[in-house]
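Have a look at it first, then read on.

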Amino acid sequence: MQLSNAQKKLLQETSLFSGLPEHSFQTIANNSHLLELKAGEELFEQEQPVTDFFFLSEGQVKLTRLSSEGDEKVIEIVNSGESFAEAAVFGQFTGYPVNCFAIQKSTVFKICAKSYINELRASVDSCFAVMTRISHQNHRLLREIDSLTLHNAMHRLAVYLLKGIEDEAGAVEINLIAPKHVIASRLSVKPETLSRTFKRLVGRGFITMEEKVITIKDIKSFRKLVTLG
C-alpha cells in the first residue's frame, strides 16, 4: 500500500528526510510502502538480504538475535516515531544483522534503500545530515554498552525508562508496551531481577506502578539515579 499525503508529511519531518530537496523526498516517498503488522508478526529475519529500511509510525517492534544456544536476545526496542535498519543499509551489510518482530499491532513505512541512496548521491547536505544522525546513534549505543557492562540493574532500568523523556521537572507517566521479559532481555537481566528492581524503585519512592503504567514521581530526582550511577 502506498503512503498517504499525511503519512508522507510525517516521514518528511524526521531527521533522515527533513534535509532532502522536495523532489528527492517525493521520489523516495513514492517508492515507499505501508505495512500493517500483527502482534508477534515478523518483519524481516537475520541474514535476509537488505533491500529496505523502516520507519515505525505506530506500535512497537523489537530487534533480536539468537545466541549460539538458541536463546533470543533483544538488541533494541523501537518505539513509534523512530526509524530502524538504516545502519544495515549504510553499513553495506549483505543481510540484516538482526531479526525484527512486532511487539504489538504496528504500522511500518518500508523505505526502498536503493531509492534513498540514489537521492543522497545528489545532495551533499543530505549526506552530512544522515552521517550526523548515524554518529549520534553510535554514541548512544556506546553509552548503552557502558550502561550494560558497568552499571547495576537499577541504573539500567532508569536509563531505559528515561529514554525519550525531555521533561526536567514534575511527575511523568510511562506506559510500558513491551512485556517485562522483553525489557529484561533488552537490559541483559533476568525477568525476576527486573521485577525486584521495579519493587525497589517503588519502595524507595521513585515510582508508582499500576498494571503497565509507571509514574515517575519526580523526574529531576529520578535522573540522579543515572547521574550518580
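1. Starting with helix α6: where the helix begins, a side-chain oxygen of N152 comes within 3.3 Å of the backbone nitrogen of M154. That is a polar contact (N or O atoms within 3.5 Å, one able to donate a hydrogen and the other to accept it; residues adjacent in sequence count only if both atoms are side-chain atoms). Just so you know, this is a predicted model, with local features needing pLDDT of at least 70, side-chain atom pairs counting only at pLDDT 80 or more, and totals for chains, interfaces and linings using all residues. Numbering runs from 1 along each chain as its sequence is written, and side-chain values use heavy atoms, without hydrogens and water.

2. α6 (residues 153-162) is mostly covered, with 9 of its 10 residues buried (under 20% relative accessible area, 1.4 Å probe, protein chains only). Among them are H155, R156 and Y160. After α6 comes G164, with a positive phi near 85°. Helices here are DSSP runs of H or I, at least four residues, and strands are E runs of at least two.

3. Helices α2 (residues 22-30) and α4 (residues 113-120) pack at about 170°, axes 9 Å apart. They are therefore roughly antiparallel (over 145 degrees, between N-to-C directions of axes fitted to C-alpha atoms over the stretch in contact). S24, T27 and I28 of α2 meet S115, Y116 and E119 of α4 (heavy atoms within 4.5 Å).

4. The open sheet has 4 strands, ordered β2-β7-β4-β5, with antiparallel pairing (at least two DSSP bridges per pair). β2 (42-44) and β5 (72-79) are the edge strands. β4 (residues 60-66) and β5 share 7 bridges, and V61 has V78 in β5 as its bridge partner.

Methods:
Axes are lines fitted to C-alpha atoms, for helices over the stretch in contact, and angles run from 0 to 180 degrees between N-to-C directions. Angles under 35 degrees count as roughly parallel, over 145 as roughly antiparallel, 65 to 115 as roughly perpendicular and the rest as oblique. Buried means under 20% relative accessible area, exposed over 50%, partly exposed in between (1.4 Å probe, protein chains only).
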